[in-house]
Structures are given as C-alpha cells and as structure tokens.
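Please keep the structure in view while reading.

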Amino acid sequence: MANNKHPEEKATGIDELNDNLVNVTEKVQKNQKVIMWCTLGVAIVVALILAYVYLIHEPSKAKGNEEIGKADLQLVVGNDSVALAQYLNVADKMGGDAANRAALQSACLLYEKGEYQKALDYARKFSSSESVISAAAQSLEGDCYVNLDNLDAAVKAYKNAISKSDDNTLYTPFFMMKLARVYREQKNYKAEAEVYEDIVKNYPQYGDAYGIDVDKLLARAKAEAAK
C-alpha cells in the first residue's frame, strides 16, 4: 500500500496516532484544532490480517477470489488506484467472501484518498465473525465519522470496536485511546478520564510499551472534569 501523506484534517485534538502494529506514537498538538489523522497504520493492519485470513488461511474458491487476487497484486506493487478500481468492481458486482473483503479493502483505500463518506459506505458493507478484523473495521468507521464531523457516531463506532476486539492487548487500548480523543474534542472530560482509568487498570503495560503517558492524560482529564 502506498505510503501517501494525507492532507491535514479537522479531527479530535491529536496530531498523530499512528498504529503500525509494531510502534504507536502519540504527539498532542497544542493550540490547534486542525490535525492529521494517520490511520494508514490501521489500514495496513487490516490488510495484513485480511491477507492471512483470506489468502493464506482459506483456499481460493471462485471467480471473485481470482479477481480480488489481481487487485491484491496491484496493491502490493503500489498501484493503489488500479487496485481500488478492481476492489470496487468485486465489491459491487460479485458475492461471497471475496466481495466482503473487497468492500473493506475499498474502504481502506478510499479513506487514504480522503473520500470519507464513500469509505464509510463500503466499510458498512463489511462483516466478519473474526474479532480483530471486525473491530478494525469498526474503528475505520469511527475514523470516517471523525473526519465527517459526526463525533457522536464516532463514539458509537469506537465503542463497537472495543467490544468486538476481545480484550486484545494491542488493539483494545488503541481503540480506547481513539475514543478518549473524541470525548476530549466533545469536552466530555469525565468520560475521557473514565476511558484512561480503564486503560490504566486493565492494560497497565500499554502506555510504557508505546511511549504514551496515560497517567498524565488521565490527570489532565480529571482536572478539567473538576472545573
């Protein structure tokens, strides 16, 4: 997947929250409301998981899988636009698992292009019983809602991602961090603090592992909630 930089987008008070499955960094930008939401990392994670579940774990089955394989190849060599057109074709004109996966792949690529409403529409078409993929798809919906300035819907989507992520020690607190950022943008500091408290209690290693001072964020949210 091409590593194209996004234009800055209005979002939730975070300059960068980029998850690449190995490293998560956080940089809180002061005195600005225009930020860059770097969810390319989430899209990469989704793609990697999808590649395992559908390309390695499951055998190739039908014409849809053959067509989506062509799209995967274009994606691997960096032809994102060609890959997107092929994924969209599979998602719109074919059925089964191939169309289902193509819908999510399309959503990821559309998000990278800044086409947030269209990305959301395709993300909604996707469904999976696999907990991490389902949670990542819900998180992507939340990211779309953030960029569409629908923060209430973003809260719901991130909560769904958290509930579906099966207490995964990497993904669950990552989605919780996103939820906390939305609460902060809504000035719901009490709810923000509650999310951080949950992270500290149930995922105590998360902050240290990724260089995030969750205790400091919690103290700030509590102080602002008390005003």
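## The nonpolar core

The largest nonpolar core of this predicted model contains 62 residues, and the members that touch the most others are Tyr87, Tyr196 and Ile199.

## The chain as a whole

The chain is built with 11 helices and four strands. Of its 227 residues, 51% are buried. Contacts between residues at least 6 apart in sequence may also be sorted by separation: 61% of them join residues at least 24 apart.

## Helices H8 and H11

Helix H8 covers residues 171-185 and helix H11 covers residues 214-225; their axes come within 12 Å and cross at roughly 30°. Angles under 35 degrees count as roughly parallel, and H8 and H11 are therefore roughly parallel to each other. The crossing in which H8 passes H11 is left-handed.

Which residues make the contact between H8 and H11? On the side of H8 they are Met177, Arg181 and Arg184, and on the side of H11 they are Leu217, Arg220 and Glu224. Sorted by class, the residues of this contact comprise two nonpolar and four charged, with no polar ones.

## Helices H6 and H7

Helix H6 (residues 131-147) packs against helix H7 (residues 151-164) at an angle of about 170°, and their axes are 8 Å apart. Because angles over 145 degrees count as roughly antiparallel, H6 is roughly antiparallel to H7. H6 passes H7 in a left-handed crossing.

From H6, the contact involves Ser131, Ser134, Ala135, Gln138, Ser139, Glu141, Gly142, Asp143, Tyr145 and Val146. From H7, the partners are Leu151, Ala153, Ala154, Ala157, Tyr158, Asn160, Ala161 and Lys164. The contact of H6 with H7 includes nine nonpolar, six polar and three charged residues.

Apart from neighbours within four places in sequence, Ala135 is in contact with Ala161, Lys164, Ser165 and Phe175. Ala135 and Tyr171 are 36 residues apart along the chain, and their C-alpha atoms are separated by 8.3 Å.

## Two loop residues with positive phi

Asp149 is located in the loop between H6 and H7. Although Asp149 is not a glycine, its phi is positive, at about 60°.

Asp167 belongs to the loop between H7 and H8. Asp167 likewise is a residue other than glycine with a positive phi, near 55°. Its relative accessibility is 55%; exposed means over 50%, and Asp167 therefore counts as exposed.

## Lys63 in helix H2

Lys63 lies in helix H2, which spans residues 63-76. With a relative accessibility of 46%, Lys63 counts as partly exposed, because that class lies between the limits of 20% for buried and 50% for exposed. Lys63 and Gly95 are separated by 32 residues in sequence, while in space the distance is 9.8 Å from C-alpha to C-alpha.

Methods: Residues are numbered from 1 along each chain as its sequence is written. This is a predicted model: local features need pLDDT of at least 70, side-chain atom pairs count only at pLDDT 80 or more; totals for chains, interfaces and linings use all residues. Side-chain values use heavy atoms; hydrogens and water are left out. A nonpolar core is a set of buried Ala, Val, Leu, Ile, Met, Phe, Trp, Tyr and Cys residues joined through side-chain atoms within 4.5 Å. Buried means under 20% relative accessible area, exposed over 50%, partly exposed in between (1.4 Å probe, protein chains only). Axes are lines fitted to C-alpha atoms, for helices over the stretch in contact, and angles run from 0 to 180 degrees between N-to-C directions. Angles under 35 degrees count as roughly parallel, over 145 as roughly antiparallel, 65 to 115 as roughly perpendicular and the rest as oblique. A crossing is left-handed if the near helix is turned anticlockwise from the far one by less than a right angle, and right-handed if clockwise. Contact means heavy atoms within 4.5 Å. Ala, Val, Leu, Ile, Met, Phe, Trp, Tyr, Cys and Pro count as nonpolar, Asp, Glu, Lys and Arg as charged, and the others, Gly among them, as polar.
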